[in-house]
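Please look over the structure below with the following notes at hand.

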Amino acid sequence: MPGEKQTAVKYYVGVDVGSASVRAALVDGFGMVVAHAEQPIQVWEPQPDHYEQSSADIWAACCSVTKEVVRGVDASQIRGLGFDATCSLVVVDKQFQPLAVNSEGQNHRNVIMWMDHRAASQVEHINATQHRVLNYVGGAMSVEMQPPKLLWIKENLPESWEKVGFFFDLPDFLSWKATGVTARSLCTVVCKWTYTSDRGWDDSFWKMIGLEDLVKDKYEKIGNHVLSPGEAVGKGLTPDAARDLGLPEGIAVAASLIDAHAGGLGVIGADVKGHNLPCENQPITSRVAMICGTSSCHMGVSETPIFVPGVWGPYFSAMVPGLWLNEGGQSATGKLIDHVVRGHVAFPELEAKAAASAHSIYTYLNSHLDLIKKSLPVGFLTVDLHVWPDFHGNRSPLTDLTLKGMVVGLTLSRGLDELALIYLATIQAIALGTRHILEAMQAAGHDITTLFLCGGLSKNPLFVQMHADITGKPVVLSKEVESVLVGAAILGACASGDFASIQEAMAKMGKIGRVVQPNHEHKRFYDKKYEVFLKLVEHQREYRSIMSSL
């Protein structure tokens, strides 16, 4: 109304560090992304299964994208900053300078990425202890968690080990860079380091696996001050960090989250009224948030702890305060689809035709499948083509990093039709893997009715429809495709004090867009595909058993 005093819009900055890029968003109090920026970051692969990054490169990218999204905005309207990142391991010395995680002594390469599998023998040693902390990671620790990586450094890089001042999970490194405070997030230490919210660190575990050095200094190197996600860290942004990021000094900085957990936060609490979904008027424990990017994570919450064999958790308050979290996952999903498509002999033809039609390669492949399906539903084209998707091992529910990918039903054909079919079969295999995880969670006591998808793969309509059809559950897509960034901004909003709780911020800032229903007429076909899917891993284990007798 004319003459009426308008309240200034409040903004929050969310920064998300993914596997290959850093993104930032300026988000308002209703969860709308007002500005967005992205910058690639470097990945080194010095040998198979070794993936490294640079914390300096990552921080520089964080600063660049943050400056970009706040350019031209009144600084007084920016209320808080939240970070999320992959659960990669950052190593620095006592002066917080980067330390090499490689035998070449390249100190700038001081990050062991989450997907690095160099510590296979170390995780085997840890799992052989059958220590009680393993009950909280599905019964077996993953090579993607931090204890095996720490043990690998101690055994293989003694010089770096002696010089270490601090080991950070990447989300905690970012909050330290912003505030100068070495506090860790409950999310990272519980999910990736074996900390528990009631008992803290378990001395006997670290001593049993050969890392008693960490106990001696009262866990200073890995964190002895733990904050809940969204809690304000220290006195907010330091002068140096404020200058680097282009933000006002002293604004609230939140205790961070792992990237998948931020995505869960951005979607799982959304109001679903009026969409005729089975989870309406039900607690959020009936929902699973699926964050689909390079890899996929399946986040389900419960009011009491549920122990699911082969699924990480239960973790208390690691994502939603007061609720227990179980986290299933697939180590390679977007990465697998890229690998299969780009490695096919017909890829140059696909690339040329997609460019000529001004479409992405995946939009073009989806259209091509519609052309070749004739009268069949698209999914039925793979009646004789089946994929087992564990090209990078199985995270859940089999927890076997030695499993390999499989394709059954190949012919001598090498054209675009065959590329489209193997692409479709790969997407179906990923969805069948999701069904495998959900069934394990449900068998243990979860009651799941609805999937909430976010992340890059949720932009692919074929990927979404296959997940609805194969799991038999409706799929909810968020209004903002950048749900992970909204989740990071929710953290900043909580740290600012503008919301009383994470739950309140989730309900206000998480909005749903489209709902994709399963086609129940296709149920019998996908039930049969699932039978074949489970047979594939049986056969793999059988032939490996035969060959191991040599």
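1. Strands, like helices, are taken here as DSSP runs numbered from the N terminus, with at least two residues (E) for a strand and at least four (H or I) for a helix, and two strands pair if DSSP finds at least two bridges between them. This is a predicted model, in which local features need pLDDT of at least 70 and side-chain atom pairs count only at pLDDT 80 or more, whereas totals for chains, interfaces and linings use all residues. Residues are numbered from 1 along each chain as its sequence is written, and side-chain values use heavy atoms, with hydrogens and water left out.

2. Four strands in the order 4-7-6-8 make up an open sheet with antiparallel pairing. Its edges are strand 4 (52-53) and strand 8 (164-169), each of which pairs on one side only. Strand 4 is joined to strand 7 (residues 111-112) by two bridges in the antiparallel sense, and Glu52 stands opposite Ile112 in strand 7.

3. Helix 6 (residues 186-193) packs on this sheet, where it touches strand 6 and strand 8 (contact means heavy atoms within 4.5 Å), and its direction makes about 95 degrees with that of strand 8. For such angles, axes are lines fitted to C-alpha atoms, for helices over the stretch in contact, and the values run from 0 to 180 degrees between N-to-C directions. Helix 5 (residues 170-179) lies across strand 6 (89-93) and strand 8, running at about 110 degrees to strand 8.

4. Leaving aside residues up to four places away in sequence, Trp161 touches Leu150, Ile153, Lys154, Phe167, Leu211, Asp213 and Leu214.

5. The whole structure holds 21 aromatic pairs, a pair being two rings of Phe, Tyr or Trp (its six-membered ring) with centres within 6.5 Å, called stacked if the planes are under 30 degrees apart, edge-to-face if over 60 and tilted otherwise. The rings of Tyr12 and Phe499 form a tilted pair, with centres 6.4 Å apart and planes at 55 degrees. Tyr12 lies in strand 1 (residues 11-17) and Phe499 in the loop between helix 16 (483-496) and helix 17 (502-509), so the pair ties together parts 487 residues apart in sequence. Both Tyr12 and Phe499 are buried.

Definitions and conventions
Buried < 20%, exposed > 50% of the residue type's maximum accessible area, 1.4 Å probe, protein only.
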